Amino acid sequence: MKKVLLIIGIIVIVVGILALLRGGLAGYIGRHTLDASNSFYDRNRRIMKIYLAMGTIISVLGVLCVVGSRLKG
């Protein structure tokens with residue numbers, strides 16, 4: 001059970017990091033786009049906020065899984 005929890009934790013951490021990277025990419029694109037409609041900037045800002053929040057939460061859950069797999073019990 002502990003090995004499965006460790007593997008799940010590592011996978012969840014990787015997914016969380018990918019979500020954080022996607023949010024950062026949306027922020028970068030939003031700041032470096034010179035000519036776009038207001039809806040583009042609004043949608044891009046929402047995407048950035050959602051992915052950054054999701055990435056943070058998912059990464060914390062992954063860390064908790066890894067720590068939980070290492071606890072003696």
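A crossing of two helices is left-handed if the near helix is turned anticlockwise from the far one by less than a right angle, and right-handed if clockwise. In this structure, helix 1 passes helix 2 in a left-handed crossing.

## About the model

Welcome to a predicted model, in which local features need pLDDT of at least 70 and side-chain atom pairs count only at pLDDT 80 or more, while totals for chains, interfaces and linings use all residues. Residues are numbered from 1 along each chain as its sequence is written, and side-chain values use heavy atoms, with hydrogens and water left out.

Helix 1 covers residues 2-32, and helix 2 covers residues 38-70. Helices here (H or I, at least four residues), like strands (E, at least two), are DSSP runs numbered from the N terminus.

Two packed helices are described by the angle between their axes and the distance between the axes. For helix 1 and helix 2, the axes come within 7 Å and cross at roughly 160°. That makes helix 1 roughly antiparallel to helix 2. The axes are lines fitted to C-alpha atoms, for helices over the stretch in contact, and angles run from 0 to 180 degrees between N-to-C directions. Angles under 35 degrees count as roughly parallel, over 145 as roughly antiparallel, 65 to 115 as roughly perpendicular and the rest as oblique.

Let us start with Gly62, a residue of helix 2. Gly62 has a relative accessible area of 0% and is buried (buried means under 20% relative accessible area, exposed over 50%, partly exposed in between, with a 1.4 Å probe and protein chains only). Its contacts include Gly9, Val12 and Ile13, with residues up to four places away in sequence not counted; contact means heavy atoms within 4.5 Å. Gly62 and Ile13 are 49 residues apart along the chain, yet their C-alpha atoms are separated by 4.8 Å.

Ser69 belongs to helix 2 and is buried at 7% relative accessible area. Setting aside neighbours within four places in sequence, Ser69 is in contact with Lys2, Leu5 and Leu6. Asn44 also lies in helix 2, and its relative accessibility of 8% counts as buried. Asn44 touches Ala26, Ile29 and Gly30, again not counting residues up to four places away.

## Exposed residues

His32 lies in helix 1 and counts as exposed, at 51% relative accessibility. The His32 side chain reaches the backbone oxygen of Tyr28 at 2.9 Å. This is a polar contact, meaning a pair of N or O atoms within 3.5 Å; within protein, one must be able to donate a hydrogen and the other to accept it, and residues adjacent in sequence count only if both atoms are side-chain atoms. From C-alpha to C-alpha, His32 and Leu71 are 45 Å apart in space and 39 residues apart in sequence.

Ile57 is in helix 2 and is exposed, with 54% relative accessibility.

Asp42 forms a salt bridge with Arg46, and their closest N and O atoms are 2.4 Å apart. A salt bridge is a side-chain nitrogen of Lys or Arg within 4 Å of a carboxyl oxygen of Asp or Glu, and by this rule the count comes to one. Asp42 and Arg46 both lie in helix 2, four residues apart, about one turn of the helix. Asp42 is partly exposed, at 34% relative accessible area.
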